[in-house]
Amino acid sequence: MTKKKAKIYTRFERLWHWSQAILIISLGFTGFCVHGVYRLQTFEEAYKIHRLLGWALVVLFIFAVFWHFTTGQWKQYLPTRQKISKQIRYYTVGIFRGEPHPYEKTTRIKLNPLQRITYLAFLILIFPIMATTGLMMIFYDQVRVVFPIPLEWLAFLHTVGAFLLVTFFIVHVYMTTTGHTVFENIKAMITGYEEVMDDEGGDLAVL
Amino acid sequence: MCHDTTGKYKKFPAGAGHPAYEPKEFPPGSGKIWEPVDLSEIAQTVGAASRANCGACHFNGGGGDGTKHGDLDSTLVNPPKEVDVHMSPDGENMVCADCHKTEAHQIPGSRYAMSVKDAHGKDLPESDGNPTTCESCHGLKPHTKQKLNDHIDTLACQTCHIPEFARGDKPTLMFWDWSTAGDKKRGVEKDEHGWTTYNFKKGTEKWEKNVTPEYRWFNGQTDYVAVGEKVEPNEEGVIVINQISGGPDDPNSRIYPFKVFRGKQGYDPETKQLLVPHLFPFNKEDKSAYWKGFNWDEAFKVGMETAGLPYSGKYEWVKTEMYWPQTHMVAPGEQSLHCDDCHSPGGRLTQVAGIYVPGQDRFPWVDALGWGLALVALIGVFVHALLRLISHKRNAH
């Protein structure tokens, strides 16, 4: 396989990524305000903005799911048969020895095994939990009638999810610097283009 | 009597709410005679039952204007709108009976069995037989803001709409400690407002205005300790004189604002009764009355004897509490509690069990673990970056 500069992120993916990033960061700030950690604005303002952003994220998520299924790109997130341990060994040992990435990004395969499992967990676990508990709190007065779950359980799950997202954010931002150059990955997410292995015709699910 | 516009109707000071029906000397031996109320004269001058009429009795509970309730005092005869939106001439100019509609002379709105939660809502077109609830007029969705309507399952309207009580001209009695009475040298002491802080006859007092209520679950049921009933102090060493019922799992309960009147009273540790002191002397020779002899033991002995109750001869001072539900002096909408009053650390409902108020309550260990995890990630990332930098330099050689 040869390396070539190829468009690996479509316009939709980039737009999705960055609007999601902005929404999640703002949700974090307003959310911890609602949680009472600090008061940049009144509870009412923070709550209203948080609720609005939450709705926006849900809509975006629905669009993204639709896009992934119509384009078949959802396969990017399938866990692979390849070993995650290889990827972990790279980040803990190989990277300091100047070893090459164990799984090179290709024109067709954008995510390494560790990314696949992480993003999948985000998409099918964290996001649905946050959205479900969030919506249940917005409609708590109606929800409690049919499903009398204590508010504190919803708040508990929502807060745990929030802290996992804070941690994910820190690690995720740092990980973008582990490409061939420090800014390679971020640049790709902005322009869409990156120098990758050419494997036209390869199978997404198999890697 | 409620309709008296002569202003002559007067409760007899020790008559438990009843006027003097026959001439009485009060205080005994003083020579001051209280003429009986001329009921027929009053009956002839019946006016509309004004706020002052009902207030003649109800503003003066506990011996003085505003003393007892906290939300009922003479300010309500002519209140500004900030004090009471309904009864203010600048507001709705309602009289008591607009809410306390009498049906067959039974005035609804009893303190012993209140209707804290009215699931029926508006009484028009169809009445539920109890017009004395906020919902009877305002319905179950009184707000344009949906999130406020979401709160009324849990919170009584009064909780948000009576941000403070005793907002009128009169202070209300918050604390009364009988145990310190008897110091004639101190006499009567007053604070900068002219409110009594000490009275050698009654002990230590505390009067307050614009008081923040205390909040409790309440289903309307109140049980009074009857005179002569055996009671024991609770874990906090307090005897609650009127125990209110309710809790988070009771569908008829809501969180309600209260004036909590605290005090210290005589208690017989052997018969386990609150003691009734003999205060007013029977006659000039009577030294057993506390306000004559200033001897508690004597006063309790004669007081209990007069009440026909046993007294072991031992007394101690016990802390007492009384709960006064706050339901009048509804403030204008914009002066109701704001979200931040509750949804902030240390919010108003901190002491109320069985609720989770976002912003006020949290799981401290979740927060600790959460921030801990984020911190570990941050440190991890920095160390990793540093090692990469070092190894990169080394590998470059």
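1. Chain B and chain A bury about 3000 Å² between them, with 63% of that area on carbon and sulfur atoms. Buried area here is the accessible area, taken with a 1.4 Å probe, that two parts lose on being put together, summed over both. The model is predicted, so local features need pLDDT of at least 70 and side-chain atom pairs count only at pLDDT 80 or more, whereas totals for chains, interfaces and linings use all residues. Residues are numbered from 1 along each chain as its sequence is written, chains are lettered from A and ligands numbered from 1 in the order in which they are written, and side-chain values use heavy atoms, with hydrogens and water left out.

2. In this interface, 33 residues of chain B are in contact (heavy atoms within 4.5 Å) with 35 residues of chain A. Between the two chains there are 16 residue pairs in polar contact, both residues being at pLDDT 80 or more. A polar contact is a pair of N or O atoms within 3.5 Å; within protein, one must be able to donate a hydrogen and the other to accept it, and residues adjacent in sequence count only if both atoms are side-chain atoms.

3. On the side of chain B that touches chain A, helix 5 (146-149), helix 9 (339-342) and helix 10 of chain B each give two or more residues. Helix 10 of chain B provides the largest share, 16 residues. Helices (H or I, at least four residues) and strands (E, at least two) are DSSP runs, numbered from the N terminus. By class, this side has 15 nonpolar, 10 polar and 8 charged residues. Ala, Val, Leu, Ile, Met, Phe, Trp, Tyr, Cys and Pro count as nonpolar, Asp, Glu, Lys and Arg as charged, and the others, Gly among them, as polar.

4. The structure holds 19 salt bridges over all chains, and 3 salt bridges are counted between chain B and chain A. The criterion is a side-chain nitrogen of Lys or Arg within 4 Å of a carboxyl oxygen of Asp or Glu. The side chains of B:Lys145 and A:Glu44 form one such bridge (3.0 Å, N to O). A:Arg39 forms a salt bridge with B:Asp340, with the closest N and O atoms 3.1 Å apart. A:Arg39 lies in the loop between helix 1 (11-34) and helix 2 (43-71) of chain A and B:Asp340 in helix 9 of chain B, so the pair joins two chains.

5. The secondary structure of chain A comes to 7 helices and 2 strands. Along the sequence, chain A follows the pattern β-α-α-α-α-α-α-α-β. Its C-alpha atoms fill a box of roughly 60 × 35 × 30 Å along the principal axes.
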